Amino acid sequence: PKWASDRKSFYFVSYKNGWPEIGRYNLLTEKEETIFEYPGLNACIATCKSKNILGIVLSKSGNPEIYLTTSDGKIIKKLTNHRGIDSSPSFSPDGEKIAFVSDRYGSPQIFIMDRDGFGVKRISYISGYATCPRWSPDGKYIAYVVLSGSFKIAVYDIETEKTKLFENSKGAEAISWAPDSRHIVFSKTDIHPSRLCIIDVFTGETRYLTGGRYNNFSPDWEKF
């Protein structure tokens, strides 16, 4: 799930028709509508609340590519066009840049590009596998998940271009920033059932949010 800019609805990926489609659910009307249903993959929704646009991944042209779209499903521009797989877009708070994952050099790594698809730059170098980039609300950091023994959280500082790896975030998947740009919630999947956990990126302190008999995953933190 990804919260829409109106905070009254959210986007999600559904397989109810047998293939991945992107839908939107309105919390007030309790109505659900399909937004993207192109042949192939429709996935990886990124919302840009400052400009009311979306970044999504479609494979209608063959390879999975990142597209810039309106919030109601109209394609504005195809941003990537590469033989590799491009996925997992994440907007900077001002909507001018996008972090994303690409395996164009052999293994999945984190890149950033301008909103028009130009100015591509790789930022992840600490692991042979990096995914799930998320731009902090204050625009200063990009958090992502790396494979380093197990899946862990890394945070890239935009200004210094340095990366910090959090060794105590083992099992991390599906990360999301808190509005304060200090905490990250993630799915901790190296335990069963999986639980939601919060980490303080300044102190490294962690604590659990959920527990019980059922798996918890795919958080999306939003300020109301």
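In the open sheet of 4 strands that includes E1, what is the order of the strands, and is the pairing parallel or antiparallel?

Mentor: The model is predicted, with local features requiring pLDDT of at least 70 and side-chain atom pairs counting only at pLDDT 80 or more, whereas totals for chains, interfaces and linings use all residues. Residues are numbered from 1 along each chain as its sequence is written, and side-chain values use heavy atoms, with hydrogens and water left out.

The open sheet has the order E1-E2-E3-E4, and its pairing is antiparallel. Its edge strands, each pairing on one side only, are E1 (2-3) and E4 (32-36). A strand here is a DSSP run of E, at least two residues long, numbered from the N terminus; two strands pair if DSSP finds at least two bridges between them. In general, strands of a sheet pair through backbone hydrogen bonds, either parallel or antiparallel. E1 is joined to E2 (residues 9-14) by 2 bridges, the two strands running antiparallel. Trp3 has Phe10 in E2 as its bridge partner.

Other pairings can be described in the same terms. E7 (residues 65-70) and E8 (residues 75-78) are antiparallel and share 3 bridges; Thr69 has Ile75 of E8 as its bridge partner. The hairpin of E7 and E8 has 4 residues between the strands, and Gly73 adopts a positive phi near 105°.
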